[in-house]
Every structure is written in C-alpha cells, then in structure tokens.
Amino acid sequence: METIPQEDPLLQSRTDLDELRFAAAAVQSALGEIVIGQQGLAELMMAAILADGHILIEGVPGVAKTLTAKAMARLLGLPFSRIQFTPDLMPSDVVGTTVFNTRTAEFEFRSGPVFAQVVLIDEINRAPAKTQSALFEVMEERQVTVDGQTYPMAAPFIVMATQNPIEQEGTYRLPEAQLDRFLFKIQVGYPSREDEVRMLETFRHVQSRKQVDTLEPLLDAERLLRYQTLTRSVHVSEAMMHYLVQVVSATRSSRDIYLGASPRATLNLMHASQALAAIRGRDFVTPEEVKALAAPVLQHRILLTPEREMEGIAPDTVLQQLINAIEVPR
C-alpha cells in the first residue's frame, strides 16, 4: 500500500510575512528619502510601531528627530498631533479638561492634544514632573481619566518623544517609571560625510517640510493593527526565551549597574525581537534580533553605579559587555 507523504507540521504553521515585510520596507524607503543617513533609525521605529510600543528619540539639535517623527506619522496614515513641552505646561493642556457649558448647563469634557493615534511630544524633558505624570496612564493603559471619567484612546496609539541630551537649563529628568513606558530609546547621531553631501544635493532646491506635506500614507489603522497581531505569531523558541531572560537578568547582577531592568523589559525585548524578525522576513526570533535591540530596549531602564557614571561609561557599552559574556543558544 502506497503511503501518502505527510506535510511537516512545522511548515504548516509557518507565518506568511511577505505583505508585512513589503509594507515595512516601503515605509522605511519613503522615510529614507526625507531623512537621509538614518537607515537604522527607520528600521528601529518600524519595529517599535509593529511591537505596539512608544519611542523616545534622543539627539543633539538638528539631526532630524522631529522631522523623522512627523514623516513617520504621515506614512502610517493615522491622526497626528504634536505637543511642544515647556516648563509652564499643565496636565490639562495635555489630556484635556472638563468645562461648564452654559447652553446646556452641564459639564462636558474637552479632549487635549493627546487624543490622537500618533502623538509627537517635542522636548519631553522640558515639562515638570506634574505634567509628566499626566502621561503615565495614557502611555501604559491607553486611556485617560479626568474627574472620575475614563476615556479610551483609539488603537493603535503611539507616542513618539524627542529630547536633547546636551542642554540642561530649563529641563527636568524624566522619572524612571515614565522611561520604563518607552519601548525604545533611540540615540541619533550625526550622518556620515557621504550622507550629508547627499542631503545637500537632495534639498538644494526643495524644502524638507514641503516633502513631508506631500507624503502619501502607506498604511492605515486597520492594516497596522493586523500587522501588530501578525508579529506576535513570530515563533520564539524555549531556548530563545531562556536567552532573553539571561540578557535582562544580567543587568540585575552586574557590578557596574545600580538598578537593573524589570520583567517588563524582558517582555518588551521579546516583542520587539518578534517585530524586527518579521520586518526582516523571518517567522522566528534569532539571537541576532536580541543583540540588535538590547541597547534600545534596556539602556534607559538601567542606572549605572556612581563610579561608572563618573568614568563617563555609556549604558550601551556596559550592556554590550554583558551580552558578549552570555553564551548564544544554537
């Protein structure tokens, strides 16, 4: 009797990521035409968005932090708002407030600028702690509570914030609890000489602001939600889970680190690795994704010891040393 060959169950469960991969590549390519020389930034931002996480972009003035966030929001095709943080900004200026309507003789809620699906917070470290605390609930729970009434945010909901690490006057250190709500902290440096020349050639006769205004949306809320769900189906083996835990727990036992990363960081690193693997066309996570994302996910969640800070050692340097000491699963 002839036996019928059975399909490998592993092949049956493979996730088709072609549509997601092509869409992510199209967004990154379009962003690369506006922001030149920051290819790594575009990939990280796309990974964070697919992982349903918030993004903190840090860099000196003039490296296109705000431009990148605005261009990405337009390419996603989602309602967008921008909030310029200042020292006199109040929580009600962000989330909204309840006002008395003289016509109806009733109180009604007037929503603030945070009620969008992509919210750009420019210079987030310029607002005091009271205003920063207004972001805690909306970033973690995707809702706002005002006068005992809860108002949910439309999904997907993404906060992109920028900050300048050099200027200290009129700025406030972000609370650790708030930093922990950002999936990535992305540090933006200067472009290479070749990229900077290409930038001059590109914008010799064209204003970048006009280019952003003419960008056509490449995604919408429905597709983005579907892609976010799809990334969670990317396979994470048991060996990779142990590797993820090893990487994060190493920050809690290192002599160079005063405060290690929390279990939330482990979850975030896994979800971000799934998203990056999907962008690269893989339906399984490898150590390559974990290594690439360890610094963006963990560097803002740890505190170095005073001795290491005085030596001027950067958190990502310590993280790289820790990762190099951990055996990679095969």
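Biologist: At what angle do the axes of helix α2 and helix α3 cross?
Modeller: First, this is a predicted model, where local features need pLDDT of at least 70, side-chain atom pairs count only at pLDDT 80 or more, and totals for chains, interfaces and linings use all residues. Residues are numbered from 1 along each chain as its sequence is written, and side-chain values use heavy atoms, without hydrogens and water. Helices (DSSP runs of H or I, at least four residues) and strands (E, at least two) are numbered from the N terminus. The axes (lines through C-alpha atoms over the stretch in contact, with angles from 0 to 180 degrees between N-to-C directions) of α2 (residues 18–34) and α3 (residues 39–50) come within 10 Å and cross at roughly 135°.

Biologist: How do α2 and α3 lie relative to each other?
Modeller: Under 35 degrees would be roughly parallel, over 145 roughly antiparallel, 65 to 115 roughly perpendicular, and the rest oblique. The α2 and α3 axes cross at roughly 135°. So the pair counts as oblique.

Biologist: Which residues of α3 make the contact with α2?
Modeller: Contact here means heavy atoms within 4.5 Å. On the α2 side, Leu20, Ala24, Val27, Gln28 and Leu31 take part. Their partners on α3 are Ala42, Glu43, Met46 and Leu50.

Biologist: How far apart are the axes of helix α13 and helix α14?
Modeller: Helix α13 covers residues 263–279 and α14 covers residues 287–298. They pack at an angle of about 130°, which makes α13 oblique to α14. Their axes are apart by 9 Å.

Biologist: Which residues touch the most other members of the largest nonpolar core?
Modeller: A nonpolar core joins buried (under 20% relative accessible area) Ala, Val, Leu, Ile, Met, Phe, Trp, Tyr and Cys through side-chain atoms within 4.5 Å. The largest one here has 75 residues. Those touching the most other members are Leu76, Met160, Phe184 and Leu298.

Biologist: What is the omega of the peptide bond from alanine 155 to proline 156?
Modeller: Most peptide bonds are trans. This one is cis, and proline 156 sits in the loop between β7 (149–152) and β8 (158–163). Its omega is near -5°.

Biologist: Is aspartate 52 exposed or partly exposed?
Modeller: Aspartate 52 is in the loop between α3 and β1 (54–58) and has a positive phi of about 60° without being a glycine. Exposed takes over 50% (1.4 Å probe, protein chains only), with partly exposed lying between that and buried. Because its relative accessibility is 30%, aspartate 52 counts as partly exposed.

Biologist: What is the phi of glutamate 123?
Modeller: Glutamate 123 lies in the loop between β5 (118–122) and α6 (129–132). Most residues other than glycine have a negative phi. Glutamate 123 has a positive one, near 55°.
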